[in-house]
Amino acid sequence: MFKNKSSVKLINYYNLINHNLIYNNKAINRYKKDKFELAENKAKSLEQLKKTIENLKNCDLKNHANNIVFGDGNPKSRIMLIGEAPGANEDQEGLPFVGRAGMLLDKMLAAINLDRKKVYISNIINYRPPENRRPTEGEIKRYLPFISKHIEIINPKIIVLLGSTAMNALIGNDVVISKMRGKWIEKRFGNCKACVIITFHPAFLMRQPAQKKMAWIDLKMIRDKKTKLKI
Ligand code: URA
């Protein structure tokens, strides 16, 4: 194909500048950050938070544990689940809810068409309390800023609190789970505004299977909210 001099010049010129700007007549949004940049910021913030927790000084929980249990699942998810603290299996693997309670949690999620790739999971406390005891008030107070920051970074639209430790830590000590479960509460965590629901902890449901029917009501509420929020 023959090209005259001026058309060659023009082609060279179009190649030199960004030809998308010429052929694409869509307005350029200079304020919208692209998805990659957001994802990179989120990953960096999560890494920083994890390092801060790993650098904690004088923490008995940390000193007795094998691994930090930080989080699992999809950090981009709009649904975040929060449990109490890691157990022995979680401490070994460094991942939340991988023991028997975790297996039940997976089944609960599957019942509403969710799985670990579609949600993000963490705990109030990031290290296993010895003998799987409940974390103390002091321990919860110390770790509260970390889970609050964690929520802010993930920025979910739906937060599911699993059990009374997560509920008391994040909602307050003056409430009981039998009255609070199965209700939506709007709550802010820094810049994150989320719909929070409390349900029974899977370990409790293993001890009290009769309560599974109440947990099923809560799960259906989560499924409906997810549809309503187009998540
Ligand atoms: N129970 C929890 O609350 N969290 C876990 O990660 C495992 C069991």
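**Sheet and core: a working chat**

Modeller: In this predicted model, strands β4 (residues 158-162) and β6 (residues 192-199) run parallel and are joined by 5 bridges.

Biologist: Which residue in β6 stands opposite isoleucine 158?

Modeller: Cysteine 195.

Biologist: And the sheet, what order do the strands have?

Modeller: The order is β1-β3-β2-β4-β6-β5, an open sheet of 6 strands with mixed pairing. At the edges are β1 (72-73) and β5 (184-189); each has a single partner strand, so one side of each lacks a neighbour in the sheet.

Biologist: Which strands does helix α11 touch?

Modeller: Helix α11 (residues 212-228) packs on the sheet and touches β2, β4, β5 and β6. Its direction makes about 155° with that of β6.

Biologist: Switching to leucine 81. Where is its place, and is it buried or exposed?

Modeller: Leucine 81 sits in strand β2 (residues 79-83). It counts as buried because its relative accessible area is 3%, under the 20% cut-off.

Biologist: What does leucine 81 touch, leaving out residues up to four places away in sequence?

Modeller: Its contacts are Leu105, Leu109, Val119, Tyr120, Ile121, Ser122, Val160 and Leu162.

Biologist: Now the largest nonpolar core. Which residues touch the most other members?

Modeller: Ile53, Leu81, Ile82, Ile124, Tyr143 and Ile151, out of 58 residues. Helix α7 (residues 137-154) gives the largest share of this core, 7 residues.

Biologist: What does tyrosine 143 touch, with the sequence neighbours up to four places away not counted?

Modeller: Tyrosine 143 touches Ile53, Leu56, Cys59, Leu61, Ile124, Ile125, Asn126 and Tyr127.

Definitions and conventions. Residues numbered from 1 in each chain as written. Predicted model: local features only at pLDDT ≥ 70, side-chain atom pairs only at ≥ 80, totals over all residues. Heavy atoms only, no water. Core = buried A, V, L, I, M, F, W, Y, C linked by side-chain atoms within 4.5 Å. Buried < 20%, exposed > 50% of the residue type's maximum accessible area, 1.4 Å probe, protein only. Helix = DSSP H or I, 4+ residues; strand = E, 2+ residues; numbered from the N terminus. Contact = heavy atoms within 4.5 Å. Pairing = 2+ DSSP bridges. Axes fitted to C-alpha atoms, helices over the stretch in contact; angles between N-to-C directions.
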